[in-house]
Amino acid sequence: MQLVVARVGRAHGIRGEVTVEVRTDEPELRLGPGAVLLTDPASAGPLTIESGKVHSGKLLLRFEGVRDRNAAEALRNTLLIAEVDPEELPEEEDEYYDHQLMDLDVVLADGTEIGRITEISHLPSQDLFIVERPDGTELMIPFVSSIVTEIDLEEQRAVIDPPPGLIDDRAEIVSSRDEAEDETSGDEPAGETA
């Protein structure tokens, strides 16, 4: 199985180093010296990592055979892809690879079906499950422990405990608010007429 682990950024310096946007939780495993990575576009690779270091908070890599700024700049926006055994699991117990989460059924604790995970969006603040509902609409569910309470890979499901409004239809929320307003409008004092 192939996983995108980074995207090449701009060249750094004149000796062939590049900045990379890391897209893996295990950069030390996937982006270490000696790692051979496939590329997208395929014509740019495969690339073998010669060395790496962190500079000003950014990961810099040097690839074998890339010796100058022009060669490094030619790799800009190239995706770096690692070949991963589909049975391999992340080191941490509560971590998952995207391919493990794709197509999981999303259900409430009582078993009510919400939909199926069709995509995982990695944002700077958190990851989101993109969930397709049975009616074809999509939901975005934050992948945080307070909402996603259980991932059961054997049963192929993700159990969620959503806060009010996360999965409710907008019409239901509006109608609840309208009912509350109707209940309070009868308690208001009548205005005086002249």
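Leaving aside neighbours within four places in sequence, which residues is Thr 78 in contact with?

**View 1. Thr 78 and its surroundings.** Thr 78 sits in the loop between α2 (69-73) and β6 (79-83); helices (H or I, at least four residues) and strands (E, at least two) are DSSP runs, numbered from the N terminus. Its contacts beyond four places in sequence are Ala 6, Arg 7, Val 8, Thr 39, Asp 40, Pro 41 and Ala 44, where contact means heavy atoms within 4.5 Å. With a relative accessible area of 3%, Thr 78 is buried (buried is under 20% relative accessible area, exposed over 50%, partly exposed in between; 1.4 Å probe, protein chains only). Look too for the side chain of Thr 78 reaching the backbone oxygen of Leu 75 at 2.7 Å.

View 2. For context, most peptide bonds are trans.

View 3. Asn 77, in the loop between α2 and β6, is not a glycine, yet has a positive phi of about 70 degrees. Asn 77 is partly exposed, with a relative accessible area of 49%. Asp 103 lies in the loop between α3 (98-101) and β7 (105-108). Here too phi is positive, at about 70 degrees, although Asp 103 is not a glycine; the residue is partly exposed, at a relative accessible area of 43%.

**View 4. The largest nonpolar core, with Leu 80 among its members.** A nonpolar core is a set of buried Ala, Val, Leu, Ile, Met, Phe, Trp, Tyr and Cys residues joined through side-chain atoms within 4.5 Å. The largest one has 22 residues, of which Leu 31, Leu 61, Phe 63 and Leu 80 touch the most other members. Two or more residues come from each of β1 (2-12), β2 (17-22), β4, β5 (58-63) and β6, and β1 gives the most, with five. Not counting residues up to four places away in sequence, Leu 80 touches a set including Val 4, Ala 6, Val 20, Leu 37, Leu 61 and Phe 63. Apart from this core lies another, of 17 residues, among them Leu 139, Val 148, Ala 158 and Ile 167.

**View 5. An open six-stranded sheet.** The strands follow the order β10-β9-β8-β7-β12-β11, with mixed pairing; two strands pair if DSSP finds at least two bridges between them. β10 (138-142) and β11 (148-152) are the edge strands, each pairing on one side only. Strand β9 (residues 127-132) runs antiparallel to β10, joined by five bridges. Within this sheet, Phe 129 stands opposite Ile 141 in β10.

**Notes for all views.** Residues are numbered from 1 along each chain as its sequence is written, and side-chain values use heavy atoms, leaving out hydrogens and water. In this predicted model, local features need pLDDT of at least 70 and side-chain atom pairs count only at pLDDT 80 or more, while totals for chains, interfaces and linings use all residues.

Notes
A polar contact is a pair of N or O atoms within 3.5 Å; within protein, one must be able to donate a hydrogen and the other to accept it, and residues adjacent in sequence count only if both atoms are side-chain atoms.
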